[in-house]
Structures are given as structure tokens and as C-alpha cells.
Amino acid sequence: MATQQQAPVSEGNLLSAIDMVAKEKGIDRARLVKTVEEAILKAAQSVFGPNRELQAQFNEETGQVDLFQFMTVVDDVSDDEREIALEDAQKAGLEAEMGDELGFQIFWHPNDAKKAAEQDKQFGDLLMVKQARSQFGRIAAQTAKQVLIQRVRDEERDLIFNEFKDKKGELIKGVVRRFEKGNNLIVDLGRAEGILPFREQTPRETYRPGDRIVALLKDIDREARGPQIILSRSDGKLVEKLFESEVPEIYEGIVKIVACAREPGARSKIAVMSRDADVDPVGACVGMKGSRVQAVVQELRGEKIDIVPWDRDPARFVCAAIQPAEVNKVIVNEADGRMELVVPDEKLSLAIGRKGQNVRLAWHLTGWKLDIISESKFKQMEEEAISQLARIEGVSEQVARNMYRMGFRALEEVAEATEQELAGIQGVGAENAAKIREAAEHTMEKLRVERIEAASNKLEPLTDKEKLLFVRGVGERTVQLLEDAGYRSIDDILREDEDKLAIKTGLGIKKARALKQGAQSFLENEWRAIETARKASAANQKASEPTA
């Protein structure tokens, strides 16, 4: 293959730019060179034509990208951009044979203007690049610059990603540099910048440029247009990592933080356990005279922290989590994942906390839904439940109390219980279990009819909860489960699929199907009668009012 060679000329700016970028940014020089070659080749194809066989090659001596065009020697030319006739090649003074591939350097740089003129004079009719060459010179220079800048950006992003990807979920220190739109903070992390979005900032914390900051590296967004390192000061894991940095026992794995619940800027609760019986997990986290926990509190700008011991027994764990309030009694409902905590009347507000904060944090820490009840309220609820159970035909007050002690709190729980469960209640027995369950169903229906009759004479608007209690087979427990699952009205039930309703509420497919059928039946029958009666009551009241 014959190729015209370009004589060395003075070193260009492109070489200096590549060397400088490779050195300052730590980017592989060979990758930069290859990127520039690809960019020049792509620009050349757009200017000279995509059909030409072109090649771009970086010249280390000149510091520029040399562009070559290759043409095949043939007898009969069918493509004048890729082929050259043997006769024309010989006329141009080229030593060539059939099938040879000839390479011509296209002189496009302004420094090579003289060589370009000579080439046009000698091979202009063969190459046909004279008109496009002047245009390409400007395009090539601009393309090389843009591609180099973009490659630097891409490489920097890759370097940052590779450097920080293994630090995700770890503490990172930096210096606040500036604020951006939306109150986002830009933090200098050394070789990169991170962003602390407003949503990840802790309420009531303020910063100024130059302030040092410790944050959690929450995520790395490789596709972000701005800083790709996302920091957080509000994530609960920040508390865990701060304790890990202050407590050697946590770092060494002797003490473990099992769970953490946090309301940023206000209060946090952490549950800890020890793998060594000789190490007190709470004491290890508190430190001598509270030195360790105070260091974390100081870093969190005064946020209060409760450290509680984790326990395998959920009831004990919940009692520890609700501290500083005392708990007199715990009623566990494993089926619903719920606990009722009975506290002294004078400790009720302490257990709930300001705006429900204490019970909310305990709920998130333990994973149990918690209901805080004062002792007097609990006794009242107990008597009301026993009174309701005693309305079942064949159930005395003592049997009702026995039912209550066995965990039955409502009529529907008795109506939905198995005969074996009822037979285990003192005073019921296997021979009466089926009768008691059937009597509970009748009592529920009787109460439902009474509620409907009362609603028919009521002029005030009915709530969604009142309407739900009008559906056959629905009691307070079912209403609670429906509300917890997001079903707050009869329409919500009717819109939902039976399977989803059964799964979300935990009621089972049989109960879910009965609920939908009961809701549909109520709307088509009883609800119309209720509305008619309410309209009649309203009309009678209006008629009885004295006229002015």
C-alpha cells in the first residue's frame, strides 16, 4: 500500500492540551488520543461524505490529527469516492497495480495550506476534496475542542464514580462551598463536589460557605447533570454511622445497632444488642459520663437520642422503646401486628410524646403498631367490651370476662372464631361452641339493624366509618383493619379487587368476598331506605318549625 507522508512541522496546541488534561485530571492519555481521532473521523465523514474510506491518526510529532483517504485501484470505476482507475493512477505518476490500495493524506490544517494546494494540483481530479477541505478545517478544530471537553467531563465522572462507589452509606467530610437553586448545598469533597439537597437537610440546621460538614454518602447518580454525589444529613443511617465512629465496640462488631428510628433535628431512637455477655450495649454507646453519646448529639446539633436495649421478646422490646414512659400492661395482637400499651394516667402524655413523637418513633423502631391507652380508659374499654360480649345469648357476665381474658374483644371476633377456639373458654365447652358463635352472629346483626334505625332518624351527615358499620358482618375490628389498609369508605371496598382486599387487610379471601357482597347489598337496599327515612325526618322537622 502506497501512502503519502507528511513532513514534520511545529508542535500544535492539541498535543499540549491532551498532555495537560491527562496530567491534571488523571485521565489515560491513550483514551484521550483515541477519542480525538474518532471525533475528527466522524466530522470528516460528515463533510467529505460517509461513503469515503477515511482514517484519522494522531501525529505525535506535529500534535495534530492526520486524515487519510484510501482508494482501491480497479480497471473499471463504479464508485469514484472509493475507487481509482489504473490508467488515472499511472497518469498521476503513482506506481500502482490492480487491486492496490492507495492512501492519500488530506491536508486540512491551515499550516498545511501549501501542501494542500500542491495536492489539489496533482491529485485534485482524483480525490475531489478541494471544495470541502476549507470548510472541514474549521469544523475539525471546533470538534476536537468540544470532544476533548466532553471526554474530560465523562472521564471525571467515571473517576468520581469509581472513587466513591464503595463509600456509599459511609460518612464523608467536606466544606460547604455555595448554595444553589432550591436551597441545595454544594459541598467540596476534595477531588469532587457533592450536593446536599434541601430534602436531605435537617430542619433548623443552617450553614455558611466555609463551614465544615459531616454527612452520609447516600447515593451516586452517574447520570446527573450536576454533582453526582448525593449527601444526606437527615437519613437515619447517619446516626448509626456516627455511633460507629464514636463507639469502638460497634466498629469491632461486639455491639450491634439493630434498628434506628429518627425524626431529623428533633429526636432519634436506636436499639442496640451485644454479642458479648460481659459488654453492656447501652453503656458502651453512652460512654464514660455520656461522652460518646454527647459527641453524636453535638454533631447532630443537639438532636436528642434515646438508646434502648433490643430484646427478642417483642413486648419487652416495645416497653423499652416507649421509654421514658412506664408501661403497666401490654396486649399483643400478633395477627394484626399491633400492641396496646396501658400506661398510668399521669404518664399518658409522656408516652405519646410531643405531637405523638415518642410513640411514632417507638412504632418505627420496633415495627409494631402501637396504641397507647391510659389505665382509666383501658378499664372503661374493658367493661364496654365485656358488656358487649355479655349481649350474646347464652353468655353470662363471667363467661364474657373469661372470653375477654382469652383475647376476645368484640362480637365479630367471637363470630369468626373456630369451634375449637371457643371450646377452650371456661364456661363455654365443646357442646356450646357452635351455638355461641351463631348467637354472636345474630347479636351482630341485631346491633347493625339498631344502628341503621338510629341513622334513619339522624339529620346530621353520616361519616364513612358509620356507613362501614352498616355493612353486614363488619364490626370495629374490621373497620380498623380496613382503615389501616387504606379503605376508608364503602366505595373504596367496592372499587378494590377481592384478592388485593384480602391481602392488604389480612382478612382472608372468604371475608373479603363477604365484605364486597355485603357492601353492594347495603348500597342497593338498606342505604336507599336510610336516605328516604332521613329525608322524611328532615321534612317533618321543617314542617314542625314555627313560621315567621
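## The model

The model is predicted, so local features need pLDDT of at least 70, side-chain atom pairs count only at pLDDT 80 or more, and totals for chains, interfaces and linings use all residues. Residues are numbered from 1 along each chain as its sequence is written, and side-chain values use heavy atoms, with hydrogens and water left out.

Helices (H or I, at least four residues) and strands (E, at least two) are DSSP runs, numbered from the N terminus.

Two strands pair if DSSP finds at least two bridges between them. Axes here are lines fitted to C-alpha atoms, for helices over the stretch in contact, and angles run from 0 to 180 degrees between N-to-C directions.

Strands β5 (residues 171-180) and β6 (residues 184-188) run antiparallel and share 5 bridges. Within this region, Arg178 stands opposite Ile186 in β6.

## Glu200

Glu200 sits in the loop between β7 (193-196) and β8. Its relative accessible area is 7%, which makes Glu200 buried (buried is under 20%, exposed over 50%, partly exposed in between, with a 1.4 Å probe and protein chains only). Glu200 and Gly190 are 10 residues apart in sequence and 21 Å apart in space, C-alpha to C-alpha.

Neighbours within four places in sequence aside, Glu200 is in contact with Lys218, Leu231, Ser232, Arg233 and Ser234. Contact means heavy atoms within 4.5 Å. The side chains of Glu200 and Ser232 also make a polar contact (2.6 Å). A polar contact is a pair of N or O atoms within 3.5 Å; within protein, one must be able to donate a hydrogen and the other to accept it, and residues adjacent in sequence count only if both atoms are side-chain atoms.

## The open sheet and its helices

An open sheet of 3 strands has the order β10-β11-β12, again with mixed pairing. β10 (255-263) and β12 (304-309) are at the edges with a single partner strand each, so one side of each lacks a neighbour in the sheet. Neighbouring strands are turned by 20° against each other on average, direction ignored.

β10 pairs with β11 (residues 267-274) in the antiparallel sense over 8 bridges. Arg262 has Ser268 in β11 as its bridge partner. Helix α6 (residues 236-246) packs on this sheet and touches β10, β11 and β12, its direction making about 140° with that of β10. Helix α12 (residues 357-366) lies across β10, β11 and β12 at about 135° to β10.

## The hairpin

β13 (residues 329-333) and β14 (residues 338-343) run antiparallel, joined by 5 bridges. They form a hairpin with 4 residues between them. Gly337 in the turn has a positive phi of about 65°. Ile331 has Glu340 in β14 as its bridge partner.

## Helix α22

Helix α22 (residues 509-524) has 16 residues and reaches 23 Å from its first C-alpha to its last, close to the 22 Å expected (1.5 Å times one less than its number of residues). Lys511, Ala512, Leu515, Lys516, Gly518, Ala519 and Phe522 are buried. Seen down the axis of α22, the buried residues fall within an arc of 165°, so they line one face. The arc is that of the directions from the helix axis to the C-beta atoms. On the other side of α22, Lys510 and Gln517 are exposed.
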